[in-house]
Each structure stands twice: as structure tokens, then as C-alpha cells.
Amino acid sequence: MMNGGGHERKSFSDLNTFQVHPRTKPNRVLMVIYMCAILALLYHHLLYLIRSISLPSLSLFFADLVFAFMWVTSQPFRWRPIRRKVYPENLSRTVDDKDLPPLDVFICTADPYKEPPMEVVNTVLSVLAFDYPSDKISVYVSDDGGSQMTLFAMMEGSRFAKYWLPFVKEHKITKRCPKIFFNDDRRTTTTATDDQLSCSQQEFQKMKVPFLSLEILFVATCKLDIIFYSTMSS
């Protein structure tokens, strides 16, 4: 929403607000000057063609005409550029959960060595922890490489999700990626993030231990897999 002065104004029911870019008027002046220059160029071409028609002059005229058309069609996007802000926290006030559309999220991976399975698991857990009705969101992992490591990671990640997802919803954590959430040591209140302070130290450590165990398990599995294939190839 925007008031008459061009400044954004937010209400509790707004899902987004916008503000017109401050350089809109100078851009419009430049567009008008540019348009006058194009018209003058085309007028010059027409006068020359009226006196004598030749293939080079005709080719130049049509080339400038095409470029002028391309320029004109690209200007509506620049005539009134805006900056938009979204407020997803207002969604629950305007739309009921039953009216939200179902979401299907596809996550693609191919090489477990270039795309570590642990990173894929963090991505899946982040999506599953969205602030969205759990019965309306589905996550699909497409593994083009058909890796057993990725399959094993998804199985172990699903076990961890049984603890992680309720933990996220209970404490209203916004950074839902386990890797980011457990990135800090949380030794003091000055180094801890707001999400980490939403739970007690005991709850934080209780959830961090199985996550670290999961990371260690994946690292060990990858190393064993590398050793196995190196032995088979030698």
C-alpha cells in the first residue's frame, strides 16, 4: 500500500507494500530525450529515402526501425519502477490454513561428492520446517546419480526430522536449517542468536547432539565409500 506522497504505509492486513523508485522522474526525462533522438534519426532516414532510394540506406532505415521498436517495448518496465516489501507474517490474518494451496517442492541432486548428502538433508529439513500446514507441503528429492549414500542420508534425515520439526514449531524458530541453527556454540547470550535464545541451554544441547552425530555418520560413510571404490579400482 502507498499513500499520496509516495511513501509506503503498512497495515496489519497488508501482504505487501511498494514504493516508487526515487529516480523515476529523471528516468522519464531521459526516456523522452532518447525518444526525440530516435524520432529525429528516423525522420532523417525518411528524408534521405525520399530523395534517393538505395539498398544501404534502406537497410539502415529498417535496422534503426527494428532497434527503435525493441527500445520502445522495453521502456514500460522502466516507466514506473517500484520497490516491494512482503509481510508473510500477515498471511495467517488474511487467509485460513484450509484455503492455502498445496505445495510440492522438488530438490535435485546428482553427485554425492560435489553435493554432500548432509547439505541435501539440511535443505530438505529446512523446507519441511516451513511455517505452512504440514498436510499441504510435500518434498521430493530427485537423485540423478542414484547414489546409495544419498538414499542413506535421506533415511537418517527422516529420523532426525521427527525431533527437529516439532522442536522448530514449538520454539518458533525462523532459521530452520539445522546447520545454521547449530552453527554458533551458544556459550553466552551475546553470541547466541534470537532463535537459540528461544529455547533453554538443555534443550539446545539435547537437539544438537543427534545432529552432530548425524554429521559424523555422514562424513564417515563418505570416507568409507571413497576407500571402497579406490580399492576396487586399483
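Reader: What share of the 234 residues in the protein is buried?

Author: Buried residues make up 28% of the 234 residues. Buried means under 20% relative accessible area, exposed means over 50%, and partly exposed is in between, with a 1.4 Å probe and protein chains only. This is a predicted model, in which local features need pLDDT of at least 70 and side-chain atom pairs count only at pLDDT 80 or more, while totals for chains, interfaces and linings use all residues. Residues are numbered from 1 along each chain as its sequence is written, and side-chain values use heavy atoms, leaving out hydrogens and water.

Reader: How many helices and strands does the protein have?

Author: Helices are DSSP runs of H or I with at least four residues, strands are runs of E with at least two, and both are numbered from the N terminus. The protein has nine helices and four strands. Read from the N terminus, the order of elements is β-α-α-α-β-α-β-α-β-α-α-α-α.

Reader: What part of the contacts in the protein joins residues 24 or more positions apart?

Author: Contact means heavy atoms within 4.5 Å. Among contacts with a separation of 6 or more, 66% are between residues 24 or more positions apart. Pairs of C-alpha atoms can also be compared with their places in the sequence. T17 and R83 are 66 residues apart along the chain, and their C-alpha atoms are separated by 8.3 Å. T17 belongs to strand 1, residues 16-20, and is buried, with a relative accessible area of 0%. K98 and P133 are 35 residues apart in sequence, with 8.5 Å from C-alpha to C-alpha.

Reader: Where is K98, and is K98 buried or exposed?

Author: K98 is in the loop between helix 4 (91-94) and strand 3 (103-109). At a relative accessible area of 67%, K98 is exposed. Not counting residues up to four places away in sequence, T24 touches W79, R80 and P81.

Reader: At what angle do helix 1 and helix 2 pack?

Author: Two packed helices are described by the angle between their axes and the distance between the axes. The axes are lines fitted to C-alpha atoms, for helices over the stretch in contact, and angles run from 0 to 180 degrees between N-to-C directions. Helix 1 (residues 24-51) and helix 2 (residues 55-74) pack at about 160 degrees, with axes 10 Å apart. That makes helix 1 roughly antiparallel to helix 2; angles over 145 degrees count as roughly antiparallel, under 35 as roughly parallel, 65 to 115 as roughly perpendicular and the rest as oblique.

Reader: Which residues of helix 1 and helix 2 meet?

Author: On the helix 1 side they include M31, Y34, M35, I38 and L41, and on the helix 2 side they include S57, L58, L60, F61 and D64. By class, this contact of helix 1 with helix 2 has 16 nonpolar, two polar and one charged residues. Ala, Val, Leu, Ile, Met, Phe, Trp, Tyr, Cys and Pro count as nonpolar, Asp, Glu, Lys and Arg as charged, and the others, Gly among them, as polar.

Reader: Which residues does UniProt list for "transmembrane region"?

Author: The unreviewed UniProt entry lists residues 29-47 and 53-74. UniProt positions are given in the numbering used here, feature names are shortened, and annotations may be inferred rather than shown by experiment. Residues 29-47 are 100% helix and 0% strand, with end C-alpha atoms 27 Å apart. Residues 53-74 are 91% helix and 0% strand, and their end C-alpha atoms lie 31 Å apart.

Reader: Where does UniProt place the feature "binding site"?

Author: The unreviewed entry places the feature at K114, E115 and D144. These residues span 31 residues in sequence, yet no two of their C-alpha atoms are more than 12.9 Å apart, so they gather at one spot. K114 lies in the loop between strand 3 and helix 5 (117-128) and is exposed, with a relative accessible area of 71%. E115 is in the loop between strand 3 and helix 5 and counts as partly exposed, at 34% relative accessibility.
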